[in-house]
Protein chains: 2
Amino acid sequence: MKLDDAAARLEALGNPTRLKIYRALVRAGAEGLPVGRLQAKLDAAASTLSHHLKSLVVVGLVTQTREGTTLVCHANYDIMRDLLGYMVEECCAEGSCAPVVLPKVA
Amino acid sequence: MKLDDAAARLEALGNPTRLKIYRALVRAGAEGLPVGRLQAKLDAAASTLSHHLKSLVVVGLVTQTREGTTLVCHANYDIMRDLLGYMVEECCAEGSCAPVVLPKVA
DNA sequence: ACGGTATTTCTAGAAAAATAGAAATATAGA
DNA sequence: TCTATATTTCTATTTTTCTAGAAATACCGT
């Protein structure tokens with residue numbers, strides 16, 4: 001991942017509303033969440049939410065699949081993994097950020 | 001770490017100039033880098049750089065120590081580790097982002 | 001084709017960020 | 001104290017982001 005891409009993705013996540021969106025999508029798991037559900041959950045205007053979602057989609061962190069009249073959103077783990085990988089590689093001294101190695105929760 | 005803090009830190013890193021600053025500080029290691037060196041390296045106006053540095057200092061990602069007339073900047077690994085930890089915990093499905101476990105470079 | 005639900009795009013205003021020149025501050029040394 | 005160097009703060013301008021209402025579009029069922 002190039003620095004500019006990483007910065008764009010970090011910026012996309014660097015807004016409370018968008019970070020909440022992303023977190024909600026991760027928690028929703030593989031089935032994802034319809035835009036409408038997100039809207040209810042976050043209590044934002046539809047147009048505002050759509051705007052934020054677009055930011056996340058543009059940088060690849062979120063994907064959308066249409067199911068009839070509803071748009072279902074999914075967290076894109078591949079991009080997130082690459083982003084975290086970038087941060088660990090480029091922005092950590094060896095060992096200093098290693099504790100990230102703790103995702104062995106399950 | 002609270003969501004708002006994580007978002008603020010991600011936003012701080014979510015700008016190409018600031019991400020370059022942070023990366024340069026990581027690469028500089030324990031001795032850090034004076035503001036002037038950063039300025040030369042990034043080729044930005046002094047006031048602009050100072051402004052960006054402040055953003056990073058405010059969210060705790062960078063610390064500064066004065067050495068005579070020069071201000072030396074350091075990456076704060078603790079905050080970065082916590083931030084990465086937050087992202088792995090809150091924004092990853094178990095396993096999906098695990099490959100972050102690769103920092104065993106050295 | 002029509003009606004309804006879901007979502008986006010358009011539009012616009014307010015707030016915040018980025019940029020950088022000029023002036024101010026801090027520190028060290030003569 | 002005066003000078004020089006390093007850096008920040010002040011100020012202003014331009015650009016971008018955030019917000020959300022209103023209108024438009026997409027899709028489905030009848």
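Guide: A salt bridge here is a side-chain nitrogen of Lys or Arg within 4 Å of a carboxyl oxygen of Asp or Glu. The model is predicted, so local features need pLDDT of at least 70 and side-chain atom pairs count only at pLDDT 80 or more, while totals for chains, interfaces and linings use all residues. Side-chain values use heavy atoms without hydrogens and water, residues are numbered from 1 along each chain as its sequence is written, and chains are lettered from A and ligands numbered from 1 in the order written.

Visitor: How many salt bridges does the rule find across the interface of chain B and chain A?
Guide: The interface puts 37 residues of chain B in contact (heavy atoms within 4.5 Å) with 37 residues of chain A. A:Arg27 forms a salt bridge with B:Glu90, their closest N and O atoms being 2.7 Å apart. Across the interface of chain B and chain A, the number of salt bridges found is four.

Visitor: Which element gives the most residues to the side of chain B that touches chain A?
Guide: Two residue pairs, both at pLDDT 80 or more, are in polar contact between chain B and chain A, the term meaning N or O atoms within 3.5 Å (within protein, one able to donate a hydrogen and the other to accept it, with residues adjacent in sequence counted only if both atoms are side-chain atoms). On the side of chain B that touches chain A, at least two residues each come from helix H1 (3-13), helix H2 (16-28) and helix H5 (77-91) of chain B, helices being DSSP runs of H or I of at least four residues and strands runs of E of at least two, numbered from the N terminus. With ten residues, the element that gives the most is H5(B).

Visitor: Which side chain has an N or O atom 2.7 Å from a phosphate oxygen of DNA strand C?
Guide: Among the atoms of DNA strand C within 4 Å of the protein, 69% belong to sugar or phosphate. At 2.7 Å, the side chain asked for is that of B:His52.

Visitor: Which side chain has an N or O atom 3.0 Å from a base nitrogen of DNA strand D?
Guide: There are 20 residues around DNA strand D (a heavy atom within 4 Å), and A:Arg18, A:Thr48, A:His52, B:Gly36 and B:Thr69 come nearest. For the base nitrogen, the side chain 3.0 Å away belongs to A:Ser47.

Visitor: In the open sheet of three strands in chain A, what is the strand order?
Guide: Strands pair when DSSP finds at least two bridges between them. Six bridges join strand S2 (residues 62-67) of chain A to S3(A) in antiparallel fashion, with A:Leu71 in S3(A) as the bridge partner of A:Arg66. Two bridges join S1(A) to S3(A), also running antiparallel, and there A:Leu33 has A:Cys73 as its bridge partner. The order in the open sheet is therefore given, with the pairing rule above, as S1-S3-S2.
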